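Subject: Structure for you to look at

Hello,

Here is the structure I said I would pass on. Please open it and keep it on screen while you read the notes below.

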Amino acid sequence: MKNCFLTLLFITGLSVPVWAQTQNNPESNHGNKFEQLGTIIQDPNMYRSASGAPGPRYWQQRADYEIDVALDDEKQRITGSETVTYYNNSPDPLTYIWLQLDENEHNPKSDNQKFDESSMKDKMSIADVQAIMGHNQDLGVKIQKLTDGSGKALKYTINQTMLRIELPKTLKPGERFKFKVNWNYTISDRMTIGGRGGYEYFAEDGNYLYTIAQWYPRLAVYSDFQGWQNKQFTGRGEFALTFGNFKVNITVPADHVVGATGECQNYSKILTPAQYKRWNQAKSATSPIEIVTLAEVKQTMKSKSQKQKTWTYVASNVRDFAFVSSRRIVWDAMGTNVEGKKVMAMSYYGPEAYPLYNRYSTKVVAHTLKSYSKHSIAYPYPVAISVEAANGMEYPMICFNYGRAEKDGTYSEATKYGMIGVIIHEVGHNFFPMIVNSDERQWTWMDEGLNTFLQYLAEQEWDNNYPSQRGPAHKIADYMRLPKDQLEPIMTNSENIVRFGPNAYAKPATALNILRETVMGRELFDYAFKQYARRWAFKHPTPADFFRTMEDASAVDLDWFWRGWFYGIDPVDIAISNVKYYRLDTKNPEVENLEAKVTREKTEYNIGRERNRQEGTKFAVEQDTSLQDFYNKWDRFAVTPASRSAFNEFYAGLTPEEKALYDSKTNFYEVEFTNLGGLVMPLILEWTYADGSKETERISAYIWRKNEQKITKVFAKAKEVKSLRLDPYRETGDIEENNNAWPAEYTPSKFELFKQKTTPRGSSTGPNPMQQNSQKPTQNQVGQ
Ligand SMILES: [Zn+2]
């Protein structure tokens, strides 16, 4: 999802920071940041190989669903019945299984209704007050019936958002179990109490927009690495789900338009003949075709049908199913070719979003599928849908985004780019985690971070001037320089992250961008990243699988990078702390004597001598010249024939190699770098020479491995150096750039000049309504 809708902060529960446990040699200046990850990541085994690929005995569970669901537009209720077939592909016999009941996050009895900190403020919104008082609505899932395949009741227990079914007999490896659930719930008002699914009510026309998500009892993941993933749903950490096939019949008012995960099986019966014709035209269209037009929607919105229609959808190998339903939806579509396969890119939006969505949405969907397919795996599903719902949340083949125009059809630049960004982001989630199915409830970065990284690439491929907010290295600096009690490692459970957006989206996206552009290079990075996507498509990867694959496929040891960026909270702040300049002693008296003279004049200078001369002191040796001898006239720096011939002899005695070095007149610069931030990074140096030319030099982060705090390095340069700059392209996320230059550079700051007013003690400085009231209104103020 797009995190900007989450405003609640969660308390961190970590008492011993993860990074403290990862110190290998804490008393020393080295042996910490470059130690291999071995001890802090999970061991490889038969299910997960040391290469980062699925192991020879890799397994995963499967759940197939047949669901009938009815939407009640009068009472805003969902009523469903499902038949689930669960396949135990694990080597373990199972005596119970766990289902997720995410809608119970709104049940007043759930812990998450009360476990956030709160405090009173001078100004509080209605939402702020409601968050404290709670809602008194009868929300949450009602299980009406739960039986096995033959209709025999099953024992079950509900623990908040999780439901445990006790199996009538042990489900052995290789066996399957069929069960049926009937349930219903009151749909919540997503705009006031929040939630992933819900309704939005449009008072101006009395219609509802339903975005139905996380709505049916669905199988939690049972895995080789943690057994059941049955951590409670709190509204924050998203989900971990099992792949399977779906057949879903959705019954809604006859004048609603439905969009859903999968392919609709009965458009020919549901749509009007004209709409069905447009649907077929859209398949080969080169720009989006409106299947349900704005004119049709405006007509439909005027009345409410009392009839019902059932839309039938089928989806294969998906981890979830969501849908949208409303009578105020324009629907457009365009067949798009993605890596040789036809995909229907589609959009659903209300009249208020028409100016933006009609122009952009479906084309952004198509662009996203192509960009992500190039950087990860080819998009495997037949459709991809973007729905305007003043939201940002993703499901397989369908996602809910934002972007509404003003009443006059205009919109701001921020709305436009925010919309394009959110569509790329949510459509992009099809790849991570809908296909590369990591555990979102545990690790937010594995889907949000990887997805935000690919979002950045897609944005930059959309427009070279795209104002991307997450991805460029220098944009993470503000977050990284925060006090450490506001930070936690990327490797932190979703629930315990204080600043969710920067931690789980921007920092991992930035880290991957730095890996690609600076540490590994595009070629090595792209190959390894695609390898990860290919290996784990339609499977359940863990962080170790990602870390290992990136190294295994590239021959780049990245343990220091994972340690610094993913397990630590140190920022990057490397300073050029000293530069020393050395040249070869020429031994040539013509050169050296002159220099020695200048040096002596400098070192022997003293203020007393200067003032004595200025005052016209009569020096004894001048008043009485008989006091002067040889030494008063001797020039100690004069070049003598003896010194000249000694030099000639020295030069003639040099070997050809020595002569070449001597003649090169090389300049040597010993540069000291101090690691003030803690995070080790490569050194990127820009040398500017006295003749104005420039040279960029790159040194691997390994230079820090024997001293993580301070290092010196000598550089030999044929030309004399005028200045040196560290990280000239701003690619490391350095939080303090003022110490990156030699000689030091100063950026001027501005200050404002104002007229000081002195006010008598006790007089008020704020506005004075009494005084303002007594003034006669000017012409302009009348009638305002
Ligand atoms: Zn997201």
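This is a predicted model: local features need pLDDT of at least 70, side-chain atom pairs count only at pLDDT 80 or more; totals for chains, interfaces and linings use all residues.

Residues are numbered from 1 along each chain as its sequence is written, and side-chain values use heavy atoms, with hydrogens and water left out.

Salt bridges

How many salt bridges does a search of the whole structure find? The search gives 36. A salt bridge here is a side-chain nitrogen of Lys or Arg within 4 Å of a carboxyl oxygen of Asp or Glu. Helices (H or I, at least four residues) and strands (E, at least two) are DSSP runs, numbered from the N terminus. Buried stands for under 20% relative accessible area, exposed for over 50%, and partly exposed for what lies in between (1.4 Å probe, protein chains only).

One of the salt bridges is between Asp 570 and Lys 33, with the closest N and O atoms 3.4 Å apart. This pair links distant parts of the chain, 537 residues apart: Asp 570 is in the loop between helix H14 (559-565) and strand E24 (574-583), and Lys 33 is in the loop between helix H1 (18-21) and strand E1 (62-72). Asp 570 is partly exposed, at 21% relative accessible area, while Lys 33 is buried, at 19%.

Another is formed by Asp 545 and Arg 48, whose closest N and O atoms are 2.6 Å apart. Asp 545 belongs to helix H13 (residues 543-552) and Arg 48 to the loop between H1 and E1, so this pair ties together parts that are 497 residues apart in sequence. Asp 545 is buried, at 0% relative accessibility, and Arg 48 is buried as well, at 2%.

Arg 613 and Glu 610 also meet through their side chains in a salt bridge (3.7 Å, N to O). The two are three residues apart in helix H16 (residues 607-614), which means that about one helical turn separates them. Arg 613 is exposed, at 55% relative accessibility, whereas Glu 610 is partly exposed, at 24%.

Finally, Asp 102, Arg 218, Asp 320 and Arg 441 are linked in a network of salt bridges.

A positive patch

Which residues form the positive surface patch? They are Lys 145, Arg 176, Lys 178 and Lys 180. A patch is made of residues with over 30% relative accessible area and no salt bridge, and like charges are joined within 9 Å. Lys and Arg count as positive. Strand E7 (residues 176-186) gives the most to this patch, with three residues. Arg 176 lies in E7 and is exposed, at 57% relative accessible area.

Two strands pair if DSSP finds at least two bridges between them. Strand E8 (residues 198-202) is joined by five bridges to strand E9 (residues 207-212), and the two run antiparallel. Tyr 201 has Tyr 208 in E9 as its bridge partner. Four residues lie between E8 and E9 in this hairpin, and Gly 206 in the turn has a positive phi of about 70°. E8 is mostly covered, with four of its five residues buried.

Strands E5 (residues 156-159) and E6 (residues 162-171) also run antiparallel, joined by four bridges. Thr 157 stands opposite Arg 164 in E6. The hairpin of E5 and E6 has two residues between the strands, and Gln 160 takes a positive phi near 55°.

Regards

Terms used:
Patches are made of residues with over 30% relative accessible area and no salt bridge: like charges are joined within 9 Å, nonpolar side chains (Val, Leu, Ile, Met, Phe, Trp, Tyr) within 5 Å. Accessible areas come from the Shrake-Rupley method with a 1.4 Å probe; for residues, only the protein chains shown count as cover. The place of a charge is taken as NZ of Lys, CZ of Arg, CG of Asp or CD of Glu.
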